[in-house]
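Please open the model in your viewer, with residue selection at hand, and follow the stops below in order.

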Amino acid sequence: MSKVVLITGGSSGIGKSIGEFLHQKGFTVYGTSRNPERITNSVFPLLTLDVTQVSTIQTAVTEIIARSGRIDVVINNAGVGITGPLEEIPTKEIKNNFETNFFGPIEVMKAVLPQMRAQKSGLIINITSIAGYMGLPYRSVYSASKGALELITEALRMEVKLFGIQITNVAPGDFATNIASGRYHAPVLSGSAYEKVYGQMLRTMDEHVDSGSDPLDMAVAVYQIIQTSKPKVHYKVGAFMQKFSIVLKRILPDKLYEKMLMNHYKL
Ligand SMILES: NC(=O)c1ccc[n+]([C@@H]2O[C@H](COP(=O)([O-])OP(=O)(O)OC[C@H]3O[C@@H](n4cnc5c(N)ncnc54)[C@H](OP(=O)(O)O)[C@@H]3O)[C@@H](O)[C@H]2O)c1
């Protein structure tokens, strides 16, 4: 029997790549999009779902259960970027980001857990970010939203283990996707105290995404996790130095680590 998989945000980038790979491997894949009618070339069905609209999550979950009778794997992939000097990011945009990157995945988990408890099985994979392991300058809100999701995963994992449900985090490094074009950029304000540094940082961040890894690497990693009987709490996927930066944070004194980051970003 093929496993039934729900991937939020299956229209582009990492989610699309995971969906295509799992579909090719014989899984029954349901992806989602806020506007599925715009996507005409998906090899798996795309349901309408906006993680900030709880009713759309419930409708999509109900439809999958009606069509396939179960949900074995949920990949909480939908997410958006946000950049800017914290002082200048409108609070509304900070809250919007948390609605998608933090509260959205929580609502998806709340919607699928009753079905997984009834099945006495299930796997939830939360797509976080290596940026969630450290506060990155001009990406403070993104780091915070992904770091918060990492902790939710750690905690919930222990709450649902007795029901046979597994939860894990997969933190990608930089991947070449549409995330830079879709993210909220606080504008580089002329005359702002941050104008020069932030303008330069924004160019560097865009270059990092453009020269990022192939989303197929994420698809392979997720496939391997699904095949594992006891997934780890955390996975990191990406360039060696990006993954190693997490190890360095653990072993270096805080101030030395901060200096290293500031040198890296030429701050
Ligand atoms: N690319 C990277 O370098 C990178 C690094 C670390 C982590 N990540 C994380 O990986 C995940 C996928 O990102 P990506 O790089 O593949 O970006 P992407 O190409 O921009 O794709 C984002 C996906 O999320 C969906 N989405 C956005 N807002 C949504 C909402 N409110 N409700 C439901 N779906 C929504 C989009 O679908 P529609 O627009 O069709 O609704 C799209 O399918 C995100 O969580 C991101 O934070 C990416």
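A pocket, on a 1 Å grid over the protein atoms alone, is an open set of points where a 1.4 Å probe fits, with protein on both sides within 12 Å along at least five of seven lines, and its lining residues have an atom within 4 Å of a point. This is a predicted model, in which local features need pLDDT of at least 70 and side-chain atom pairs count only at pLDDT 80 or more, while totals for chains, interfaces and linings use all residues. Residues are numbered from 1 along each chain as its sequence is written, and side-chain values use heavy atoms, with hydrogens and water left out.

Select Lys3, Asp72, Gly122, Leu123 and Ile226 to begin: of the 13 residues that line the second largest pocket, these lie nearest its centre. Strand E6 (122-127) and helix H7 (215-227) each contribute at least two residues to that lining; strands (E, at least two residues) and helices (H or I, at least four) are DSSP runs, numbered from the N terminus.

Next, select helix H2, residues 54-68, and colour Thr56, Ile57, Ala60, Val61 and Ile64, which are its buried residues, buried meaning under 20% relative accessible area and exposed over 50% (1.4 Å probe, protein chains only). On the other side of H2, Ser55, Thr59 and Ala66 are exposed.
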